[in-house]
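Here's a quick tour of how one protein model holds its parts together. Take a look at the sequence and the structure, then read on for the sheet and the charged pairs.

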Amino acid sequence: MAAELKAASAEFAELWARRDIEEAGQIRKEMNHPVLGLLCFESSVMRLPARPDLSIVLHTPLNEADTAGKLEWLASPEGRRGTMYPVAG
C-alpha cells in the first residue's frame with residue numbers, strides 16, 4: 001500500500017521518507033472479566049514531556065457491551081459482594 005501511495009503522491013513519498021511517525025496514542029482493548037464478561041475500552045497513552053521514561057495510560061470504557069454500566073455495578077456494594085466468591089470455569 002505504501003508503494004502505491006508513494007507512486008501516486010510526491011508529497012506522501014517525501015513524508016514517508018522522513019520516518020518521523022509517532023506511535024498511535026489510542027488503541028482499542030477488550031478483556032473478558034470472569035464475572036462481568038466482555039469489557040471494551042479505548043486505551044490512551046500520554047507521554048510526560050518532563051519525564052520521557054514515564055507515561056500515563058487511561059482506559060476509557062466504550063459503549064459496547066455496556067462496559068461503563070458493568071464497571072459501575074462492580075464498584076457498588078452489591079458488585080463488591082458479588083465478586084467475593086470464586087467463579088467456576
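A salt bridge here is a side-chain nitrogen of Lys or Arg within 4 Å of a carboxyl oxygen of Asp or Glu. Keep in mind that you're looking at a predicted model. With that rule in hand, the count comes to four salt bridges, and Arg28, Glu30 and Glu64 are linked in a network of them.

**The salt-bridge network**

- Start with Arg28 and Glu30, which form a salt bridge with their closest N and O atoms 2.5 Å apart.
- Arg28 also meets Glu64 in a salt bridge, at 2.7 Å from N to O.
- Arg28 sits in strand β1 (residues 26–33) and Glu64 in the loop between β3 (51–61) and α3 (67–75), so this pair ties together parts that are 36 residues apart in sequence.
- How buried or exposed are these residues? Arg28 is partly exposed, with a relative accessible area of 42%.
- Glu30 is partly exposed too, at 48%, and Glu64 counts as partly exposed at 40% relative accessibility.

**Another charged pair**

- Asp53 and Arg51 form a salt bridge as well, and their closest N and O atoms are 2.8 Å apart.
- Asp53 counts as exposed, with 56% relative accessibility, because the cut-off for exposed is over 50%.
- Arg51, at 42%, counts as partly exposed.

**The sheet**

- Strands of a sheet pair through backbone hydrogen bonds, and they can run either parallel or antiparallel.
- In this model, three strands make an open sheet in the order β1-β2-β3, and the pairing is antiparallel.
- Which strands are at the edges? They are β1 and β3, each of which pairs on one side only.
- Going from one strand to the next, the twist averages 35 degrees.
- Strand β2 (residues 37–48) runs antiparallel to β3, and eight bridges join the two.

**Putting it together**

Key: Residues numbered from 1 in each chain as written. Predicted model: local features only at pLDDT ≥ 70, side-chain atom pairs only at ≥ 80, totals over all residues. Heavy atoms only, no water. Buried < 20%, exposed > 50% of the residue type's maximum accessible area, 1.4 Å probe, protein only. Helix = DSSP H or I, 4+ residues; strand = E, 2+ residues; numbered from the N terminus. Pairing = 2+ DSSP bridges. Axes fitted to C-alpha atoms, helices over the stretch in contact; angles between N-to-C directions.
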